[in-house]
Amino acid sequence: MDSSSRPTVYIETYGCQMNVSDSELMLGKLAASGYDAVDRPDGADVILVNTCAIRDHAEQRVIGRLGELRRFMGPHTVVGVTGCMAQRLGPQLLDKAKHVSLVIGPDGYRALPTLVEGARRGERAIATTFDLEEHYEDFAPRRFDRVKAWIPVQRGCDYKCTYCIVPTTRGPERSRRLAEVVREAHEVVADGMSEIVLLGQTVNSYDDGTHDFADLLRAVGAVPGVRRVRFTSPHPNDFSDRVVAAMAEVPSVCEHVHLPMQSGSTRILKRMLRRYTREGYFDCVARLRAAIPGLALTTDVIVGFPGETDEDFEETLSAVRELAFEDAFTFKFSPRDGTPATRMPASETVADEVASERLARLIDTVRTASRARNLRLLGSRHEVLVEKVARRGQELLQTRTRDFKTVLVPGDESMLGRYLTVELTGTTGSTFTGAVVRERQPLPMAG
Ligand code: 5AD
Ligand code: SF4
């Protein structure tokens, strides 16, 4: 315990980058209200668990963790559950977990200081109303990462993919005003960061009423000191010609797109309500690759969606082979209560053993292809940004190329945030080791 009498808050984050960004906003808000952030739960006055509801597995982890956190609680500790699972389960969480006193959904963080104060006096509260105006503009995020800045540009989702809980947990889509995003970009540069990751559930459908995603990329790319711009996750249907042109023309926009495919079978895509066909997805990839030389693609794929036959799955495998993804996040379909996929006939359920076997084959296909590609890259040189210390005590840094490859290089903490030129010297199949060829000239600091 330090000598200050400020109360302390500990936050643990599950799920996607949007959740990480929300945790940064929550900590910022609580810091402004007199709380000190701590990085361990023991002794914290307030423990927040910012949760994900995307698959059952994500929720089970949180439930297990909530049980464990009991042992860090003193008589006055407040435990709050925030995020997507809080939104989805609401009162059920208060009923089931008696040590939890706050349940706050993604649009409820403005009331956090008031709700936490109430909870410290013994009250229990739920805040799960959507607020279509809410972007937390006046919050100063307390960022976890010192090298790259997550900037949310859109909240919620208007697609209604039949497997997905997100429209239920995060509500309708809304975009921040471009000027606010640009203001935040200036702030992160002033804080010494040079990489920005724009966040949204379907980020390229960004529309603030006046500006589209192409305008946003150009405006953020024009902020002095911004050297790398990334975004996640786009939807294939929202890559207009304007957006693709902006990606190609703005030098800081990196040559990497994470483009969720979900399935390679038009029949399954239709049942998922993805609103594109196999050919439509291939066409989108072709347009991106034609405009952006050296573009690296990663994707998300779900196996075992209701009604997926062996033939459908073979189409997913062939799409993965033909499109040569750099990497893929692969998931077994997990039914989420209330989503349309749970209302499909029981006879269409894919048996778990079948889904597991497909998942294993899919992972093998992705890995075999990326290992072969990565071996061919040995000896080539790349600009990397030093992101973090990879393994403490081993003087090894994790760095990233513009096209999102991970390269481990020797070095120490003082090199965080610097740009280097490295030569790739080895690969484990997915990540690389590299040797520093030279350190790039630091850019003059703007701001
Ligand atoms: N089951 C399995 N995977 C899912 N995803 C989203 N919903 C589900 C679900 N019900 C996957 C999708 C999405 C990624 C974030 O999680 O592939 O792109
Ligand atoms: Fe999980 Fe989706 Fe919520 Fe992110 S938006 S925390 S992935 S459910």
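Three domains, by the domain assignment: domain 1 is 3-127, domain 2 is 148-376, and domain 3 is 381-439. Keep in mind that this is a predicted model. The centres of domain 1 and domain 3, taken over C-alpha atoms, are 35 Å apart.

Let's take the sheets in turn. In the six-stranded one, the order is S2-S1-S3-S4-S5-S6. The sheet is open, and the pairing is parallel. Which strands stand at the edges? Strand S2, residues 36-37, and S6. Each has a single partner strand, so one side of each is left without a neighbour in the sheet.

Look at S1 and S3 next. Strand S1 covers residues 8-13, strand S3 covers 46-51, and five bridges pair them in the parallel sense. To pick out one pair by eye, take Ile 11: its bridge partner in S3 is Leu 48. Helix H2, residues 56-69, packs on this sheet. H2 touches S1, S3 and strand S4, which is 78-83. The direction of H2 makes about 175° with that of S3. Then there is helix H5, residues 112-120. H5 lies across S3, S4, strand S5 (102-104) and S6. Against S5, H5 runs at about 165°.

On to the three-stranded sheet. The order here is S7-S10-S11, again open, with parallel pairing. At the edges stand strand S7 (148-152) and strand S11 (228-232). Each of these has a single partner strand, so one side of each has no neighbour in the sheet. From one strand to the next, the twist averages 25°. Strand S10, residues 195-199, runs parallel to S11 and is joined to it by five bridges. One partner pair to find on screen: Glu 195 with Arg 228 in S11. Helix H7, residues 178-190, lies across S7 and S10. The angle of H7 to S7 is about 165°.

Now the ligand site. What surrounds ligand 2? The residues are Cys 16, Asn 19, Thr 51, Cys 52, Ala 53, Ile 54, Cys 84, Val 166, Arg 170 and Gln 201. By type, that shell divides into six nonpolar, three polar and one charged. Which domains supply it? Domain 1 (3-127) and domain 2 (148-376) each give at least three residues.

Next, charges. Side chains of opposite charge can pair when their charged atoms come close. Across the whole structure, the search finds 43 salt bridges. One of them joins the side chains of Arg 143 and Glu 24, at 3.8 Å, N to O. This pair links distant parts of the chain, 119 residues apart. Arg 143 sits in the loop between strand S6 (125-127) and S7, while Glu 24 is in helix H1, residues 17-32.

Thr 232 and Ser 233 are joined by a cis peptide bond, with omega about -10°. Ser 233 belongs to the loop between S11 and helix H9, 241-249. The other is Leu 273, with a positive phi of about 55°, although this residue is not a glycine. Look for Leu 273 in the loop between helix H10 (266-271) and helix H11 (278-291).

Last stop, Glu 395. Where is it? In the loop between strand S15 (381-391) and strand S16 (396-401). Leaving out residues up to four places away in sequence, Glu 395 touches Val 409, Pro 410, Gly 411 and Asp 412. From Glu 395 to Arg 271, C-alpha to C-alpha, the separation is 49 Å. Along the chain, those two are 124 residues apart.

Terms used
Residues numbered from 1 in each chain as written. Chains lettered and ligands numbered in written order. Predicted model: local features only at pLDDT ≥ 70, side-chain atom pairs only at ≥ 80, totals over all residues. Heavy atoms only, no water. Pairing = 2+ DSSP bridges. Helix = DSSP H or I, 4+ residues; strand = E, 2+ residues; numbered from the N terminus. Axes fitted to C-alpha atoms, helices over the stretch in contact; angles between N-to-C directions. Contact = heavy atoms within 4.5 Å. Near = heavy atom within 4 Å. Nonpolar A, V, L, I, M, F, W, Y, C, P; charged D, E, K, R; others polar. Domains from an automatic or database assignment. Salt bridge = Lys/Arg side-chain N within 4 Å of Asp/Glu carboxyl O.
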